[in-house]
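Here is a friendly briefing to read alongside the model. Keep the sequence and the 3D view open as you go.

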Amino acid sequence: MPDWEFNDAAIADLVFAQGVQAAVDTVAAAAETAAVGACPVRWGRLVATISVERDGAGRWVQYGNDTDARHAPHIEWGTRPHTITPTTRAALYWVGAEHPVARVRHPGTPAFRVITGAALQAAIGA
């Protein structure tokens with residue numbers, strides 16, 4: 001038999017130690033900075049929703065939790081080619097279009113992996 005005892009309570013309390021929490025905060029801040037850097041610039045409202053949330057000893061970086069940024073999943077995971085049709089009017093029109101159209105075939109959006117990439121970058125730099 002070993003002449004030492006494993007103290008489960010002390011190990012469980014370790015995650016709340018000041019030094020450990022400071023390190024967790026540092027990594028969370030690095031992930032937040034990386035997420036802001038990875039977010040496409042033209043979606044400023046999406047960048048504004050990036051935040052670090054605290055839950056006990058844990059942290060997570062989130063974004064898109066705002067009614068102005070419902071497109072966050074499409075930025076993170078991308079979209080397949082799809083057809084866009086009008087929902088409130090009879091036709092679609094945008095500045096530069098030659099005329100209103102009934103539908104537009106969108107080629108899809110590449111995945112930017114804002115949060116996924118930020119987590120990986122922060123973990124590598126930790």
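In which strand is Ser51 found? Ser51 sits in strand E1, which covers residues 51–55. Before going further, please keep in mind that this is a predicted model. The notes below begin with the whole chain and then turn to single residues.

**Overall layout**

- The protein chain is built with five helices and four strands.
- Following the sequence, these elements come in the pattern α-α-α-β-β-α-β-β-α.
- The radius of gyration is 22 Å, well over the 14 Å that the globule rule gives for 126 residues, so the protein chain is more spread out than a compact globule.
- Along the principal axes, the C-alpha atoms of the protein chain fill a box of roughly 85 × 30 × 25 Å.

**Confidence**

- The protein chain has a mean pLDDT of 86, and 94% of its residues reach 70 or more.
- Among the elements, the lowest mean pLDDT belongs to H5, at 81, while strand E3 (residues 82–84) has the highest, at 95.

**Surface, burial and charge**

- Of the 126 residues in the protein chain, 21% count as buried.
- The accessible surface comes to about 9200 Å², and 58% of this belongs to carbon and sulfur atoms.
- There are 10 positive and 12 negative side chains in the protein chain, and the centres of these two sets lie 22 Å apart.
- If you take the contacts with a separation of 6 or more, residues 24 or more positions apart account for 51% of them.

- Leaving out residues up to four places away in sequence, Ser51 touches Glu32, Trp60, Val61 and Gln62.
- Ser51 and Ala30 are 21 residues apart in sequence, and their C-alpha atoms are 12 Å apart in space.
- Gly56 belongs to the loop between E1 and strand E2, the latter made of residues 58–62.
- Gly56 counts as partly exposed because its relative accessibility is 47%, between the cut-offs of 20% and 50%.
- Beyond its neighbours within four places in sequence, Gly56 is in contact with Phe16 and Gln21.

**Arg59 in strand E2**

- Arg59 has its place in strand E2.
- Is Arg59 buried or exposed? With a relative accessibility of 15%, Arg59 counts as buried, because buried means under 20%.
- Setting aside neighbours within four places in sequence, Arg59 is in contact with Gln21, Val24, Asp25, Ala28, Val52, Glu53 and Arg54.
- One of these contacts, Asp25, is 34 residues from Arg59 in sequence, and the two C-alpha atoms are 7.5 Å apart.

**Gly19 in helix H2**

- Gly19 is placed in helix H2, which covers residues 18–38.
- Gly19 counts as exposed because its relative accessibility is 55%, and exposed means over 50%.
- Gly19 and Ala31 are 12 residues apart in sequence and 19 Å apart in space, C-alpha to C-alpha.

- Where does Arg113 lie? Arg113 is in the loop between strand E4 (104–106) and helix H5 (114–125).
- The backbone of Arg113 deserves a look: its phi is positive, at about 50 degrees, although Arg113 is not a glycine.
- At 35% relative accessibility, Arg113 counts as partly exposed.

Conventions. Residues are numbered from 1 along each chain as its sequence is written. This is a predicted model: local features need pLDDT of at least 70, side-chain atom pairs count only at pLDDT 80 or more; totals for chains, interfaces and linings use all residues. Side-chain values use heavy atoms; hydrogens and water are left out. Helices (H or I, at least four residues) and strands (E, at least two) are DSSP runs, numbered from the N terminus. Buried means under 20% relative accessible area, exposed over 50%, partly exposed in between (1.4 Å probe, protein chains only). The radius of gyration is taken over C-alpha atoms; the globule rule is 2.2 Å times the number of residues to the power 0.38. Contact means heavy atoms within 4.5 Å. Accessible areas come from the Shrake-Rupley method with a 1.4 Å probe; for residues, only the protein chains shown count as cover. Lys and Arg count as positive and Asp and Glu as negative; His and the chain ends are not counted. The place of a charge is taken as NZ of Lys, CZ of Arg, CG of Asp or CD of Glu. pLDDT is the predictor's confidence in each residue, from 0 to 100.
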